[in-house]
Amino acid sequence: MVIKTVDFLKNEIPIELESVIITEDIKAGLVLVDIINGFCTVGAGNLAPREPNRQISEMIDESSRLARVFCDKKLPVVAFLDSHHPDKLEHPYPSHCITGTDESNLVPALRWVEKEPNVTIRRKDCYDGYIGSFQEDGSNVFVDWVKNNQIQLLLVVGVCTDICVLDFVCSTLSAKNRGFLNPLEDVVVYSQGCATFDFPVSMARNTKDISPHPQELMHHVGLYMAKGRGAKIAKEVSFSN
């Protein structure tokens, strides 16, 4: 039933996927959204997958590949890491990614980026990396990162497609449209570099406060909503020589 519903949805609300080529004359930045153990590593926490998941594994592989290219080219990268104080939960989700635990750390395949000089690590305590980048003095780490690096194209990957990725993309596009993120021009969401979680109806019936969340369906919805806000949705990403 879910497969038929996904096919129906894709026909009713199709997404125009693009092949994005990042050329040498465009200053590009990569955003890694919450590619951490608590969301991606089997058995790592309350919101981690319970068994190996193809969509999540593909997302990690593609994000790692792109991170390597960006680092080799000395292009700017920012990694958002969900990190919560134990007394500040995010309803309706259970306790997750508590600050200081391995849940809130990058997955093993990406831990190497922490030592790269072109990478900025930002721990956030909310869904939205843009909002989570505000500091007590009113400054914003992400806004400063875009302006200091003169980023024109933003490539976004990570989890979850329809939650943290989407929230961040929506805030970023709104800020761009208001002129807060000059010289940013394009926000690109790479479909294969994103993933969301799978929580079928059979599991949701026995879990209080959490709604069903079929993975393929919600991944498509997340990409569709990002497209509707003005993002480009990429089916592949390559670099010109």
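Me: Why is helix H5 called roughly parallel to H7?
Reply: In this predicted model, the axes of H5 (residues 161–177) and H7 come within 9 Å and cross at roughly 5°. Angles under 35 degrees count as roughly parallel, so H5 is roughly parallel to H7.

Me: Which residues of H5 meet H7?
Reply: Those of H5 include Leu 166, Val 169 and Leu 173, and they meet a set in H7 that includes Met 218, Leu 223 and Ala 226. The residues of this contact divide into 8 nonpolar, 3 polar and 2 charged.

Me: What makes S1 and S4 the edges of the sheet?
Reply: The open sheet has 7 strands in the order S1-S7-S6-S5-S2-S3-S4, with parallel pairing. Strand S1 (17–22) and strand S4 (119–124) each have a single partner strand, so one side of each is left without a neighbour in the sheet.

Me: How do you know that S6 and S7 pair?
Reply: Two strands pair if at least two bridges are found between them. Here 3 bridges join S6 to strand S7 (residues 232–239), and the two run parallel. Val 188 stands opposite Lys 232 in S7. H7 packs on the sheet, touching S1, S6 and S7, and its direction makes about 175° with that of S6.

Me: What makes up the lining of the second largest pocket, by class?
Reply: The pocket has a volume of about 230 Å³. Of its 13 lining residues, the closest to the centre are Lys 10, Ser 191, His 219, His 220 and Leu 223. H7 gives the most to the lining, with 4 residues. By class, the lining has 4 nonpolar, 5 polar and 4 charged residues.

Technical notes:
Residues numbered from 1 in each chain as written. Predicted model: local features only at pLDDT ≥ 70, side-chain atom pairs only at ≥ 80, totals over all residues. Heavy atoms only, no water. 1 Å grid on protein atoms, 1.4 Å probe; cavity = no way out; pocket = protein on both sides within 12 Å on 5 of 7 lines; lining within 4 Å. Points joined across faces, edges and corners; volume = space filled by probe spheres on them. Nonpolar A, V, L, I, M, F, W, Y, C, P; charged D, E, K, R; others polar. Axes fitted to C-alpha atoms, helices over the stretch in contact; angles between N-to-C directions. Parallel < 35°, antiparallel > 145°, perpendicular 65-115°, else oblique. Contact = heavy atoms within 4.5 Å.
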